[in-house]
Amino acid sequence: MEELDPKQTSRAQAFELWMKAPMPMVTLTKTLDVTRLVRLSRRGLKFNMLLCWCIGKAASRAAEFYTLPVGDKLIRYGNLAVNTVAALENGGIATCDIPFSESLDQFRRDYLALTARVRETGKPYDLDGDYMVIGASALPETEIDGAVNIYAGFYNNPFLVWGKVRKKLWRASLPISFQFHHTQMDGGHAARFLENLQEEIWGLNP
């Protein structure tokens, strides 16, 4: 990773406008057609794993995802990861960073191994080094229309939240919320990311 001079990037104006804003996060919501993921999950592939891979794949198509405001600096990363939440036997939760790979099979192996490790140890798994991490959280027991996440001021990473899949006849849909720091990207970038996410879901062919 490397520190950038914001004035020498396309985010110069956004850096000036939003870095000191009391609430610089923006949330977009979109309902996705996840029929493809539901069908694949019936063949033994975990739904959330598939969705997390599609998130990483869609993000890898956008240069904005590789740059993140950290503290008062703008940092460029070389790799992406998707953070998921693992349920623990004691009723608690712990987070787990999964390095994104263009290979779905590699991502699946990492997802299964690392989330198993988190459940066994009860401790979060955080990737060190050159990774821009995309947060993700699922509430699969409850239908939700959208979510606005907390803003802590130190975790500026993009974050996606979704609930229970909605099924009607032969189709399945899923409202999903996408929160991002306005210094990292604009609404147009975020909207295109959600469109790309839908394309990755439709085109998934493991």
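The side chains of E102 and K57 form a salt bridge at 2.4 Å, N to O (a side-chain nitrogen of Lys or Arg within 4 Å of a carboxyl oxygen of Asp or Glu). E102 sits in the loop between β6 (93–99) and α4 (104–121) and K57 in helix α3, so the pair ties together parts 45 residues apart in sequence. Helices (H or I, at least four residues) and strands (E, at least two) are DSSP runs, numbered from the N terminus. E102 is partly exposed at 47% relative accessibility (buried is under 20% relative accessible area, exposed over 50%, partly exposed in between; 1.4 Å probe, protein chains only).

The model is predicted: local features need pLDDT of at least 70, side-chain atom pairs count only at pLDDT 80 or more, and totals for chains, interfaces and linings use all residues. Residues are numbered from 1 along each chain as its sequence is written, and side-chain values use heavy atoms, without hydrogens and water.

The whole structure holds 11 salt bridges. R61, E199 and E200 are linked in a network of them. R61 pairs with E199 at 3.1 Å between the closest N and O atoms. R61 lies in the loop between α3 and β3 and E199 in helix α5 (residues 187–203), so this pair ties together parts 138 residues apart in sequence. For R61 and E200, the closest N and O atoms are 2.9 Å apart. E200 is buried, with a relative accessible area of 12%. E199 is partly exposed at 43%.

Y66 occupies the loop between α3 (47–59) and β3 (67–70). Its relative accessible area is 21%, which is partly exposed. Y66 and R76 are 10 residues apart in sequence and 5.6 Å apart in space, C-alpha to C-alpha.
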